[in-house]
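Subject: Structure handover

Hello,

Here is the structure for you to look over. My notes on it follow below.

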Amino acid sequence: MQARAVTMPAAARDPNDLYLRCLACALVGYAVFGKGFAVLGVAPLYVGELTLGLGLLALMRTRCWFAMLATPTSLLLAVLIVWVLVRTVPFIGAYGVDAVRDSVIVVYGLFAFVVVALLLEKPARLGWILRAYAGFAFLYGLIGGFLFATTVTMADSLRIPGTQIQLPYVRAGEAAFHLGGAAVFVLLGLRRVNALWCFVLCINMAVVTVSRAATLACLVPILLGVVLGRQFRRFAPAALIGLSLLAGAALADLRVMMPGDREVGAMQIVEGISSVFGASEAANFEGTKEFRLRWWRTIRDYTLHGPYFWSGKGFGVNLAMEDGYHHFVTQEATLRSPHNGHMTVLARAGVPGLALWIALLGAWFGMLLHSLLLARQAGHGRWAAVFVWITCYGAGILVNASFDVALEGPMSGIWFWSVVGLGIGASMIYRAGLVDAIGDPA
């Protein structure tokens with residue numbers, strides 16, 4: 001059985017092809033313009049909600065409603081969404097839109113079903129996605145760090161007149177996992193680049209590593225890609241370039257002060273990594289680390305060992321206020337979640353929600369690794385590279401979400417669930433024998 005031609009037909013002939021392009025544009029908008037792009041629209045219908053609504057219509061047109069549920073990963077996601085809705089609906093009366101907004105950490109998982117359905121309807125779309133991402137990866141590798149630096153150094157100049165909307169408004173963690181994803185894509189040979197691009201990429205990665213979340217969100221997917229993709233030889237030159245830049249910056253003691261009393265420099269990168277594995281001399285790293293660990297212990301106490309074991313506190317309640325940590329918040333008065341997506345699920349959906357969440361992630365990564373092994377055994381090197389890249393991208397987003405409020409918003413949440421859907425769809429396509437669906441290298 002052969003896949004359709006990789007080149008997608010004119011968008012006007014197929015509304016779902018047009019929607020896929022719209023979804024791709026939305027994802028690029030979130031990556032390039034960040035929070036400023038996310039708040040475009042009229043409350044409560046912003047870009048993400050409109051894109052999801054159109055996506056559900058596209059899903060219905062595919063008629064793949066049952067096929068998209070034909071994997072354990074999809075079934076676990078469906079059950080998790082239902083459980084979250086059960087823990088959301090009772091709180092809408094008391095908290096209104098806040099309850100709905102809190103629930104999107106999981107309900108945005110509907111994007112995964114949309115992507116799966118689109119790929120099952122027309123497997124050739126997978127090839128188009130890879131080619132489209134190849135262009136995005138090349139661009140983002142050149143500007144990702146610049147977008148973050150611009151965000152924090154020119155905030156007042158970037159606001160749209162008469163509004164509080166800032167374009168771009170890209171946070172370090174978001175830029176980091178995109179840079180990591182782009183680096184893995186190139187490392188695996190899915191996009192050809194030159195040495196100058198690699199040099200600029202290293203500079204961009206150095207610029208965004210101003211926190212432990214950003215540092216790990218960038219480095220973990222790359223190192224995972226090296227191991228899973230067996231790219232030690234290919235990684236060595238890039239590693240040497242990066243280490244040379246780091247050593248040169250350290251010798252010259254180059255530093256750039258960023259808002260929030262954080263520096264971009266060689267020692268800042270070292271401090272960020274060391275703060276994860278042990279104590280750091282940088283007060284800004286240790287202060288936020290202690291704050292988070294204390295809050296996470298509180299959540300574990302009232303769920304795993306307390307009265308909210310089964311139910312959690314629900315979606316809508318401000319966890320910072322309810323858990324007694326509002327006095328730690330000095331810069332983000334509207335903070336609602338504990339800087340860890342896994343803890344947010346536990347606190348709001350209880351132990352059943354966390355169990356479903358862990359099972360879902362385990363099933364998804366397990367599916368991708370199994371598909372990787374199958375592709376490698378069959379000699380389908382490009383397919384194996386695709387599975388490694390998807391795995392690393394998802395891991396990078398999750399790493400960032402483990403240290404920051406990330407999946408709770410559309411900038412990371414919609415990207416994550418779209419990547420989840422891409423992984424499920426790609427695995428189903430490959431196991432159906434449609435090996436021509438991914439097309440030729442970019």
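Start with Thr71. Leaving out neighbours within four places in sequence, Thr71 is in contact with Met367, Ile424 and Met428 (contact means heavy atoms within 4.5 Å). The side chain of Thr71 also makes a polar contact with the side chain of Ser74, at 2.9 Å. A polar contact is a pair of N or O atoms within 3.5 Å; within protein, one must be able to donate a hydrogen and the other to accept it, and residues adjacent in sequence count only if both atoms are side-chain atoms.

A word on the source: this is a predicted model, with residues numbered from 1 along each chain as its sequence is written. Local features need pLDDT of at least 70, side-chain atom pairs count only at pLDDT 80 or more, totals for chains, interfaces and linings use all residues, and side-chain values use heavy atoms, with hydrogens and water left out.

Thr71 sits in the loop between H3 and H4. Helices here are DSSP runs (H or I, at least four residues), numbered from the N terminus. Thr71 counts as buried, at 7% relative accessibility. Buried means under 20% relative accessible area and exposed means over 50%, with a 1.4 Å probe and protein chains only.

Arg63 is in the loop between helix H3 (47-62) and helix H4 (72-86). Arg63 is exposed, at 67% relative accessible area. Its phi is positive, near 60 degrees.

Most residues other than glycine have a negative phi.

His339 also has a positive phi, near 55 degrees. His339 lies between helix H15 (319-322) and helix H16 (341-377), in the loop. His339 is buried, with 7% relative accessible area.

Best wishes

Key
Helix = DSSP H or I, 4+ residues; strand = E, 2+ residues; numbered from the N terminus.
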